[in-house]
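I opened my notebook to record what I looked up here, entry by entry.

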Amino acid sequence: MTHIIGQHDCKADTKGRVILPISLKNQLLPVINESFVIKRSVFQQCLELYPKNEFDVLMQKVLKKSKINRKYDAFVRNFVAGMKEVTIDGDTGRLQIPKNLVEYAEIGKEVVLNAVFDKIEIWNKDKYEIVLADSEKDYADLAEEIFADDD
C-alpha cells in the first residue's frame, strides 16, 4: 500500500461515526473496500486504524516474540484490548468507531485523523493538540537521535 499522509480535522456524531475527508478517502481507494483493524494505541490515548493487510504485517512481528513470558502475556492482553475489525463505507467514507474505543480515546465531536504512513491515528482534537505541543520542544533532539546513525 502507498503511504498515507496528512492531518485531517473532521467531526464525529454521538454514535462514533466519522466521515473520512475526501483527500484521505482518495488515498485509501486501493483498500477502501477491504477490512480494517481499529485498536488502542500503545503509546498515546488515541486509536489506530490499519488496513487489514498492514495490520497483519504488524501482527507477524508480535507473534515472533516469545509467548511463554509474563511480560509478553501482559503486553498482548493490552495490545488486543478493544481491538475490532471494521469496514469503511466505500461510497460515503463513513467509519463506525466501536463504543468502547470511543470511550477509551474520549472521542468527542471534534476529531483529528492523523495519517501516519501505514495507519491512521484517531484523536480527540484537544488531546491531539496538547500532545503535539508537548512534544514540539523535543522534536529537534528526537530527530537528531533517531537519524544520528544515517551517515
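Does F55 count as buried or exposed, and at what relative accessibility? I found that F55 counts as buried, because its relative accessibility is 5%, where buried means under 20% relative accessible area and exposed over 50%, with partly exposed in between (1.4 Å probe, protein chains only).

I noted that this is a predicted model, in which local features need pLDDT of at least 70 and side-chain atom pairs count only at pLDDT 80 or more, while totals for chains, interfaces and linings use all residues. Residues are numbered from 1 along each chain as its sequence is written, and side-chain values use heavy atoms, with hydrogens and water left out.

Next I looked up the aromatic pairs, which are rings of Phe, Tyr and Trp (its six-membered ring) with centres within 6.5 Å, called stacked if the planes are under 30 degrees apart, edge-to-face if over 60 and tilted otherwise; the count is four. The ring centres of F55 and F79 are 6.4 Å apart and the planes meet at 10°, so I wrote this pair down as stacked. It links distant parts of the chain, since F55 is in helix α2 (residues 52-63) and F79, 24 residues apart from it, is in helix α3 (residues 70-80); helices are DSSP runs of H or I, at least four residues, and strands are runs of E, at least two, numbered from the N terminus. F79 is also buried, at 6% relative accessible area, and I saw that Y50, F55, F75 and F79 form one aromatic cluster.

My last entry concerns E48, which lies in strand β4 (residues 47-51) and is buried, with a relative accessible area of 7%.
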